[in-house]
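Please consider the structure shown below.

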Amino acid sequence: MLQVVDIACGMPKAELHLHIEGTLEPELAFALAARNGVKLPYPSVEALRAAYRFTDLQSFLDIYYAGASVLQTGQDFNDLALAYFRRAAADHVVHAEIFFDPQTHTARGVPFAVVLDGLTQAMRDAERELGVTSRLILCFLRHLAEADAFATLDEALPHLDRIHGFGLDSSERGHPPSKFERVFARCRALGLPCVAHAGEEGPPEYVWEALDLLQVKRIDHGVRALEDPRLVARLRAERVPLTVCPLSNVKLRVFSDMKQHNFKRLLDAGLAVTVNSDDPAYFGGYVNDNIRAVQDVLDLTVADWHRIARTGFEASFASDADKRRWVAALDAYVTAHGPA
Ligand code: HPA
Ligand code: ZN
């Protein structure tokens, strides 16, 4: 008989919190470094992987931004994204909303259009070859100035037919959402949905700001929201989705180990939680690895995982028709495999 974890891993699902630069596996990093004549500051794939021991968000970001230096051509971004889609499809991801950080690349002289062309070509190929649909969310780096975000938005304007939303990532502490209130007002005026990382390392106040000042549709991470009962009540009442990334939270020491993670308490508080991989090449795995790690210690039911997967589809920025189709396929899967 199938175990709960096998049923959960087999469910069709959406991934809503995934940084495409965070899918750069060490093997591909070395291959691209060789192709582009870039020297990585590590002698081997093993040495690079061994460096993935983080003490907090910043210690990860330092390595993550350094790794991105091997990404130079449209083909590199295409190879990166297609490798992610293949891996995600193996985990039964049928829809992915992926973040990209254009400022990481334009600051190195890689043109915005080169990044975008490479990623969108892979998105088209993934839909045709794998049946995986996707959306692209442009993230502003919050450690940089508001003026830099406005300049990036200006660069994006000619390409809005291929950008489906805006987000906010990078070093959270000391860079509250309020810093980008005016940028996000302009993003919303363009008619595109916004999301923001908040309440990962930062306090619940940053989640309030993301909701009230940036008017986001989803909170990325949001695990620290549980420290504020009024905030929990608000998130529940408004059904604001939280894109939780359990392995990321443990790797970056938001929680000391998976047993300490508040995922079950978020779920039991009636919040709209989803499970995502964030930066899978750096944090120990893709979406099903996250499901396995959670199930290992939290012992959820098939009904819990059904609800989590359904929330993922409902919280996506896809059309209502697509959402209905995916939820129907999910319901049929759960009916066929039954509660364990
Ligand atoms: N938090 C903030 N910024 C990021 C992350 C994250 O988890 N991953 C990539 N950029
Ligand atoms: Zn993230």
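In which helix is L116 found? L116 is found in helix α7; helices (H or I, at least four residues) and strands (E, at least two) are DSSP runs, numbered from the N terminus. This is a predicted model, in which local features need pLDDT of at least 70 and side-chain atom pairs count only at pLDDT 80 or more, while totals for chains, interfaces and linings use all residues. Residues are numbered from 1 along each chain as its sequence is written, chains are lettered from A and ligands numbered from 1 in the order in which they are written, and side-chain values use heavy atoms, with hydrogens and water left out.

**Residue L116**
- L116 has a relative accessibility of 0% and counts as buried (buried means under 20% relative accessible area, exposed over 50%, partly exposed in between, with a 1.4 Å probe and protein chains only).
- Not counting residues up to four places away in sequence, L116 touches F100, L136, H159, R162 and I163, where contact means heavy atoms within 4.5 Å.
- A separation of 18 Å lies between the C-alpha atoms of L116 and F150, which are 34 residues apart along the chain.

**Zinc site**
- H17 (NE2), H19 (NE2), H197 (NE2) and D278 (OD) coordinate the zinc ion (ligand 2) at 2.1 to 2.2 Å. Donors are N, O and S atoms within 2.8 Å of the metal (3.2 Å for Na, K and Ca); water is not among the atoms, so sites may look incomplete.
- Along the chain, the donors of the zinc ion (ligand 2) follow the spacing H-x1-H-x177-H-x80-D.
- H17 lies in strand β1 (residues 13-19) and H197 in strand β5 (residues 195-198), so the pair ties together parts that are 180 residues apart in sequence.
- The arrangement around the zinc ion (ligand 2) is irregular because its four donor atoms subtend angles of 81 to 174 degrees. Four donors count as tetrahedral if all angles lie between 85 and 135 degrees; four count as square planar and six as octahedral if opposite donors are over 155 degrees apart and all others between 65 and 115; anything else is irregular.
- H17 is buried, at a relative accessible area of 0%, and H197 is buried at 4%.

**Helix α4**
- Helix α4 (residues 57-67) is largely enclosed by the rest of the structure, because eight of its 11 residues are buried.
- The buried residues in α4 are L57, S59, F60, L61, I63, Y64, Y65 and G67.
- Among the elements that cover these buried residues of α4 are β1, α6 (102-106), β3 (133-141) and α14 (280-283).

**Cavities and pocket**
- On a 1 Å grid over the protein atoms alone, a cavity is a set of points where a 1.4 Å probe fits but cannot get out, and a pocket is an open set with protein on both sides within 12 Å along at least five of seven lines; lining residues have an atom within 4 Å of a point.
- There are three cavities of 30 Å³ or more, and the largest cavity holds about 100 Å³ of space.
- α16 gives the most to the lining of the largest cavity, with four residues.
- The largest pocket holds about 170 Å³ of space.
- α7 supplies the largest share of the lining of the largest pocket, four residues.

Terms used. Points joined across faces, edges and corners; volume = space filled by probe spheres on them.
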